[in-house]
Amino acid sequence: MSSLPLLAPLATSSFLNTLDPRLRVLLCLAWTGSCLSLERLSLQALAALAALGVALLLGLSPRALLRRLVVMEGFMLLVLLLLPFSMPGNPVFTLGNLEATDAGFARALGILFQAHGVIFMVLILLGTLEVVTLGHALARLGVPDKLVHLLLFTVRYVQVLYEEHLRLRQAMRARAFVPGTNRHSWNSLGWLLGMLLVRSLERASRIHEAMKCRGFHGRFYLLDDGAWGRHDTLIALAAVPLVLVLPLLESVL
Amino acid sequence: MSEPLIRLQGVCFDYPSDPVLRDVDFTLNPGERVALAGVNGAGKSTLLRLLVGLVKPRAGRIHAFGQERRSEADFREVRARAGLLFQDSDDQLFCPTVLEDIAFGPLNLGRSAGEARAIAERVLDELALSHLRDRVTHRLSGGQKRLVSLATVLAMEPEVLLLDEPTNALDEATDERLTDYLKQLPQAMVFISHDRLLVEKLANRAVILEAGKLKEAVMHRHPHQHSHLHIHAPGLADHSHPLPGHNDHGHSGL
């Protein structure tokens, strides 16, 4: 059974994998903060380029990168198409009675650069982590237990539900179902969705029973033995100027 | 004979639409390995869930480990002492990693993280699964999930095992490995299985659910004439027949 591609960690160089996952989360947060604080278009573009450079340098394959980006670009396209028309400013051109403004274009570009600056860094630093490891790292950084377990449960069962979905789809195809735009198709897809919902509910109650059988009384536990090493501290220190250089440039210029 | 571990008396259970169990009596004694047979939908899984209080009977009494059990609090102790292996491993394994899943039970029973980890390592070692220790549970193969599920149950150090189709959907080699492992365990057990081989190898008593009634089944071996279909292919386990009742094959030398 094929697995959900978005859940599998991206491949990366071994250097990154020697870092404590917590450091990767923290670096990612710091970079995001620095990226979002930039106001000049040129610096925002530079940040996006720098992030892309880091991602490629640390061994992210361009193909894998593109495949993940596709997921986000649909949304970005919407922003690019709508923003120029929804900001007040000097009109660049008109479409019917809609005016595209220069301020709108600038804002749209700014969002494009900043989003990519952040997403490249997220993909290389966090996208290469096993989600389970990310969950552990978040827990040890003090993220509330409930949120971490919500994430971990989702990851655990999204896969099971996806496989159930695939099995049902295969069963439909095996009986010559071809989706089209007709009442029969919509009905059948509705049943598929309904069936998935019912099965998920039943599964949830079985999981709860299994947990009760093992003495569950409302507490979850995480065991992991990641250790913060000296090289993690060194990398963290080395990263400080890199994270700060763009905001500094901004305030100087 | 010593005190029975579990005793059901006059237990009735209905689902909203149809009655499942009618006036069921059942006793599990130490050392017994009971095969629970019955057609699909006969209520076998329901019976196991009744034993650990996951569903409550409409009528009748359940005694377990020396006292009558009624409330949820009563059954909490029963569940720690009678480990239930679920039919679908995906229901049982919900923790991120194998080690955490196995440690979950002991931690709930109040063990410290260190103790729980040691127990988990030991159980993994006993089942020869140590290499799976840090694996993410949802990426295991079907057979691995089944064995790890059993490990999660064994980690609670139960006195009784309740197994719902333990060898269901396993390949021959894993099936055999699991059967052999179960056979050498000291615990009393009740297991549901449609796998004739497992029943013959493991059970020393059998009961059958029919039309809501539980009856004692007679276990006997007899030589029988039958034809076999053998598949020879790389990757398939050898088809030798280790069963005592099966010495009547056409070909010689077996």
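**Ground rules.** I worked from a predicted model, in which local features need pLDDT of at least 70 and side-chain atom pairs count only at pLDDT 80 or more, while totals for chains, interfaces and linings use all residues. Residues are numbered from 1 along each chain as its sequence is written, chains are lettered from A and ligands numbered from 1 in the order in which they are written, and side-chain values use heavy atoms, with hydrogens and water left out.

**Entry 1, helix α2 of chain A.** The axes of α2(A) and α9(A), residues 230–252, are 9 Å apart at an angle of about 5°. Axes are lines fitted to C-alpha atoms, for helices over the stretch in contact, and angles run from 0 to 180 degrees between N-to-C directions. The two helices are therefore roughly parallel (under 35 degrees; over 145 is roughly antiparallel, 65 to 115 roughly perpendicular, the rest oblique). On the α2(A) side I noted L23(A), L27(A) and W31(A) among the residues in contact, and on the α9(A) side I235(A), A239(A) and L246(A) among them; contact means heavy atoms within 4.5 Å. By class, this contact has eleven nonpolar, two polar and two charged residues. Ala, Val, Leu, Ile, Met, Phe, Trp, Tyr, Cys and Pro count as nonpolar, Asp, Glu, Lys and Arg as charged, and the others, Gly among them, as polar.

I then turned to α6(A), residues 131–140, whose axis comes within 9 Å of that of α2(A) and crosses it at roughly 75°. This pair is therefore roughly perpendicular. P21(A), R22(A) and V25(A) meet T133(A), L134(A), A137(A), L138(A) and R140(A) there.

**Entry 2, strands of chain B.** I found an open sheet of six strands with mixed pairing, in the order β6-β7-β8-β3-β9-β10; two strands pair if DSSP finds at least two bridges between them. β6(B) and β10(B) are at the edges with a single partner strand each, so one side of each has no neighbour in the sheet. Inside the sheet, β3(B) and β9(B) run parallel and are joined by four bridges, and L36(B) has V207(B) as its bridge partner.

Elsewhere in chain B, β1(B) and β4(B) run antiparallel over five bridges, with L8(B) opposite I62(B). β4(B) also pairs with β5(B) in the antiparallel sense, over two bridges. Their hairpin has two residues between the strands, and F65(B) takes a positive phi near 50° in it.

Which residues lie nearest the centre of the second largest pocket? I noted R206(A), Q87(B), D88(B), S89(B) and D91(B), out of 45 lining residues. That pocket has a volume of about 1000 Å³, and its lining has 14 nonpolar, 14 polar and 17 charged residues.

The largest cavity has a volume of about 50 Å³. Its lining includes H149(A), F153(A), Y221(A), F94(B) and P96(B), and divides into seven nonpolar, one polar and no charged residues.

On a 1 Å grid over the protein atoms alone, a cavity is a set of points where a 1.4 Å probe fits but cannot get out, a pocket is an open set with protein on both sides within 12 Å along at least five of seven lines, and lining residues have an atom within 4 Å of a point. Points are joined across faces, edges and corners, and a volume is the space filled by probe spheres set on them.
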